[in-house]
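The following explanation is meant to be read alongside the sequence and the coordinates. Please keep both in view while following the paragraphs.

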Amino acid sequence: MTSVDTVVRSAPGATCAPDLADGPWTFDLAPPSYGPGASMADPIPASAPTQGTLPAAYTQMSAEELDARIRAAKETLGDRLVILGHFYQRDEVVRHADFVGDSFQLANAALTRPDAEAVVFCGVHFMAETADILSRPEQAVILPNLAAGCSMADMADIDTVEQCWAELEELYGTAPDASGKVPVIPVTYMNSSAALKGFCGDHGGIVCTSSNAETVLRWAFERAHRVLFFPDQHLGRNTAKAMGIGLESMPMWDPRKPLGGNDAQSLRDAKVLLWHGFCSVHKRFTVAQIEKARAEHPGVRVVVHPECPMPVVDAADEAGSTDYIRKAVEAAPAGTTFAIGTEINLVNRLAAEHPEHTIFCLDPVVCPCSTMYRIHPGYLAWVLEGLVEGRVENRITVDAEVAVGARVALERMLAARPPERA
Ligand code: SF4
């Protein structure tokens, strides 16, 4: 199976944006945008970090030269360095990673290397922040391209969440009832800024991942009558629906409207308030794609990520995190056909690693995550050679006060246990 990079360069007509074939540095100095790929139409906040100029030499090297220079720098740095690669990164980057996984697996993987002076996180901004929160203060967490944000994480910011919280406190009050439950608890998806994780820690709330969202919601309902869930409406809705919560009890909170666009009674009746956020990668999957896959591949197993819209999750055979998807593929009997609804780099890699199966992406158009794609081997070579020369480029540092609250919210997540099954 050819890598996504190769497809992008050799068959631009098969992709959602022909300028994916341009080096990401083309976009670094243009007005801020997420760049080509799934999030290209999403508005980027004015405050989103931007990347300065990448030295020209790194934009002109061949793929082979970059590969060789990354290997050489890695060898020179030895145990002083750990490279983390998210599942959604391009193969040309992931092949250099010491650990490959989802965001939380990678933050934990970094903990196994406390002596590494530098943690180079090939992923997006919120992931590097989480690694900084969990790593030792002396360790430098580096994001090779500062423009690698996350359009979903950017859909909820601390100012609008605080405004929402003030409106909810005015409506619900803050006092616990006779059973000790408070009116509402904030729950943030891992895919959010450190500031929002800190907000949750400071307000009795918690973080969740796509692997443990149900466990976390149950934890929250033991302590509160309602949950404010941000930023991903789809993960919140799919999880709450699977727990038996009716859609009428899940109003959407649109931060641009008073009371989030709701009336007071529907907010009082709510169980889960869903923030108006989504992942533009997973929003691309449709029920029509699933129907086509079933028509063309009788017996196909359709597995999608819970960031997909609810009708897509309902039409699929299974929904689960990237880790769930990987394990489902590994455990399947040889000869299984999978149609998978998640980021194309992971789907193609699974197909290459499992020639005993037929694996394809539900979306026939190659459209990688715009921001994951901003990490190019050129940036990786640049930050690694900087470390060899004693320069720390693109360090991500979370404010100490924010980190305290964020750590509390992450620790609550780790302590939350699924209920005992009878
Ligand atoms: S895949 Fe979606 S949630 Fe993940 S980094 Fe890209 S935009 Fe963000």
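The model is a predicted one, in which local features require pLDDT of at least 70 and side-chain atom pairs count only at pLDDT 80 or more, while totals for chains, interfaces and linings use all residues. Residue numbers start from 1 along each chain as its sequence is written.

The chain is divided into domain 1 (4-151 + 371-398), domain 2 (154-279) and domain 3 (282-361), with bounds that come from an automatic or database domain assignment. Between the C-alpha centres of domain 2 and domain 3 there is a distance of 29 Å. Where these two domains meet, twelve residues of domain 2 are in contact with 13 residues of domain 3; contact requires that the C-beta atoms of two residues, placed from the backbone, lie within 7 Å. The side of domain 2 that touches domain 3 comprises three nonpolar, six polar and three charged residues. In this classification Ala, Val, Leu, Ile, Met, Phe, Trp, Tyr, Cys and Pro count as nonpolar, Asp, Glu, Lys and Arg as charged, and the others, Gly among them, as polar.

The sheets are described next. Helices (H or I, at least four residues) and strands (E, at least two) are DSSP runs numbered from the N terminus, and two strands pair if DSSP finds at least two bridges between them. Five bridges link strand β1 (residues 81-86) with strand β3 (residues 118-122) in the parallel sense, and Gly85 has Cys122 as its bridge partner in β3.

The parallel strands β8 and β9 (residues 272-275) are joined by two bridges, and Trp253 has Trp275 as its bridge partner in β9.

How far is α9 enclosed by the rest of the structure? Eight of its nine residues are buried, so α9 is largely enclosed. A residue is buried if 20 or more other C-beta atoms, placed from the backbone, lie within 10 Å of its own, exposed if there are 12 or fewer, and partly exposed in between. Among the buried residues of α9 are Leu196, Lys197, Phe199 and Cys200. The buried residues pack against α7 (125-134), α8 (158-172), β5, β6, β7 and α18 (400-415). Gly204, which follows α9, has a positive phi, near 75°.

Strand β12 (residues 337-341) pairs in parallel with β13 over four bridges, and with strand β10 (residues 301-304) over four bridges as well. Four of the five residues of β12 are buried, so β12 is largely enclosed by the rest of the structure. Towards β13, Thr337 has Thr358 as bridge partner and Ile340 has Cys361; Arg301 stands opposite Phe338 in β12. Side chains in a regular strand alternate between the two faces of the sheet. In β13 (residues 358-361), Ile359 and Cys361 make up a covered face, and Thr358 and Phe360 an uncovered one.

The ligand has 14 residues around it, of which Cys150, Met152, Cys279, Val281 and Cys369 come nearest; a residue is near a molecule if its C-beta atom, placed from the backbone, lies within 6 Å of it. This shell divides into eight nonpolar residues, five polar and one charged.
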